Amino acid sequence: MTVNFALPSGREVTIETGKLATQADGSVVVKCGKTMLFCSVVSGTSVREGQSFFPLSVDYQEKFAAAGRIPGNFFRRETRLNDYEILISRIVDRAIRPLFPKGYMFDTQVIINLISLDPEVMPDALAGLAASAALMVSDIPFSGPISECRVARIDGEYVVNPERSALKDADLDLIVAADADNIMMVEGECKEVDESAIIEALKAGHEAIKVQCKAQLELREMVGDKATTRTVEIHQVDEELVAYVEGKVKSAVQDVARGALNKQQRKDAFKKVKDDFKAAATEDKGEDWYKEHKSDLSAAYYTIQKKTIRDLMLSESVRLDGRKFDQVRDIWTEIDYLPSTHGSAIFNRGETQALTSVTLGTKTDQQMVDVAYENSYADFILHYNFPAYSVGETKPMRGPGRREVGHANLANRSIRQVLPDEMTHTIRIVSDIMESNGSSSMATVCAGSMALMDGGVKLKRAVAGIAMGMVAEGGKIAILSDILGDEDALGDMDFKLTGTEKGITACQMDIKIDGLPYEQLQQALDQAREGRLHILSEMAKTISKPADDLKSHAPRIVKLIIEKSYIGAVIGPGGKIIQELQEMTGTNINIEEIDGKGHVSIASSDKDSIDDAVARIKKITFTPEVGGVYTGTVKTIMPYGVFVGFEGGKDGLLHVSEMSHSRIESVEDAFSEGDEVKFKIVDIDERTGKLRLSRKAIMPRADGTIATDEELEAERQAAKDRPRRERGDRNDRGGRGERRDRPRRD
């Protein structure tokens, strides 16, 4: 069974089901061009004992065979998900997770595989469509359909799912997820665009998604009974129990919410409310009753706490820490905190703090990115670490999780837009979150920007980020700037925006409710811009522009461009020459061919070492030019001129006629081997490469003037036109022309 629809570009998309993986609860193949995605969904039929959250896993993985490649790792097979696959998995997860029934606790797994790749059709824009379609043809309860698409602005036009090659010209690149009525998720990057561009991109993407949702409904209808939603018993907390809890705790929760407390004070106060409730409930109903209903009582308490705080925000404009809706928490910053790094900064906003370091490396430090489409190298790397101590907890250190990968990617996208056009170094930023109470990814953006400027990296402009929240109910809406962790948990939107004073560089949005009007989204964008500019002004109090120079201990890199023909000469047989150069000069030298030229990077923290390496490479790659003035040494003397050796092992003929403005009778009298001579190159034979030198071209004449090239050329032409006997041409090596006048011997 298949359905088809066309993208706005005209490309046809096919969704097929019933051919592959028929034992899964649902499976589809989505095809566009030669790109094919397979997706399966399976959900358990029983709940694990004590299960208190929805165990949904989404895994997107690319098969390298899809692109005709073998993985570049040691095992030569697909192993754990790489960062790119994790990011796509997160995007799909964030789009579909809110659409499962509240209280659904059955193990559910979504697996998406790239099984065929068209180089021009990017699979990440189709992954959400595949996941939703597989759920729609299954019997798993799911309030879909939804879909995702990419929207790019190319030459001022909004293009849905553009070809890969066209994306390089885009100044806006967003992945949008939505159902037929509402935008649900947005993630992407921009080249400092204004807020209106985001709104227009969302509108363009939503129109395309409506068509994709309609196609999924058609496919579900074809499947028929198999797609009838299974009957699932979902435990609901008794309303009388909820009312009982509300009567006991609502007033106390309100007091805490109005208290403008910090994170720890608020945590302790809410704990006291719960402890007091437990004591009161035990006294009222007995200890056995409390133990029997403990799980439901806990769920009811959190429901009441969330509802009470939201009501206070909407009715009294009260935030948990006492701020106004558009107020940013207090900020302090510091740079050059770590003396041994190549740049560092601390960014502290409220109770969120990021300590960020910058390390500058060479080409050999680039990160290999081995994905199905290609094997490439990244020269800008950003890592985000969220240790348990940042929130006062303990947790085993197992390496970065999906959240860390996602936050690092958002910060990377944000800063990458303002990096220098000419990247000399490989740059690694590491952000360690020292404490957290919301918006730690945005703190990473701010601290990363400041650390780069501290390190002397020539950013175009400083970048800052802010996380926006929203509470909406009963027709009332509150837009919150710089949200706390608690506000993120109880709110209806998490909208992260980063940018410069000029415009937006990246965004990430998750909306947890239906029906956010574009007018309210515009309000959030405008309020975010005001907050971003405020944060930038606070950062500027510490550092407002990049340092004039790199740190004294940072590696310095000088780039040379040489002719392609000299690459082999610099490298030498088996790399012998370049290895000797590195050993003699104490530098790190890399060569790569780009656009038919050799690009040489020379790195060292010592300027003299770099200068030495540059001089040695220039000597190897020296290319004489017509009109160039050089100094050389006389190597060989002949009756008609001298051969002069000079830079780079080159030599050329200084003819007797080019030695002086006056006649020279004897070359031997004018020059000796080893004499230093300054000259100008007047001609290079295109066929043989032989050099013709001239000393008189740079010598003053009798009147003190220097002859022009045109005057000298006229003299040479006149000399050629004179009869050989008249000019006594010394090219005849001792005057063979004169011997022709002698009588012939018998």
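## Helix 1 and helix 2

Helix 1 and helix 2 cross in a right-handed way (the near helix is turned clockwise from the far one by less than a right angle). This is a predicted model, in which local features need pLDDT of at least 70 and side-chain atom pairs count only at pLDDT 80 or more, while totals for chains, interfaces and linings use all residues. Residues are numbered from 1 along each chain as its sequence is written, and side-chain values use heavy atoms, without hydrogens and water.

The axes of helix 1 (residues 83-96) and helix 2 (residues 127-136) come within 9 Å and cross at roughly 45°. Ile-88, Val-92 and Ile-96 of helix 1 are in contact with Ala-127, Gly-128, Ala-131 and Leu-135 of helix 2 (heavy atoms within 4.5 Å).

## Helix 5 and helix 8

For helix 5 (residues 239-257) and helix 8 (residues 294-316), the axes come within 8 Å and cross at roughly 45°. Helix 5 is therefore oblique to helix 8, and their crossing is right-handed.

## Nonpolar cores

The largest nonpolar core has 107 residues, of which Ile-198 and Ile-427 touch the most other members. A nonpolar core is a set of buried Ala, Val, Leu, Ile, Met, Phe, Trp, Tyr and Cys residues joined through side-chain atoms within 4.5 Å; buried means under 20% relative accessible area, with a 1.4 Å probe and protein chains only.

Beyond four places in sequence, the contacts of Ile-427 include Val-358, Phe-380 and Leu-452. Apart from this core lies another, of 53 residues, including Val-30 and Ala-131.

Note on methods
Buried means under 20% relative accessible area, exposed over 50%, partly exposed in between (1.4 Å probe, protein chains only). Axes are lines fitted to C-alpha atoms, for helices over the stretch in contact, and angles run from 0 to 180 degrees between N-to-C directions. Helices (H or I, at least four residues) and strands (E, at least two) are DSSP runs, numbered from the N terminus. Angles under 35 degrees count as roughly parallel, over 145 as roughly antiparallel, 65 to 115 as roughly perpendicular and the rest as oblique.
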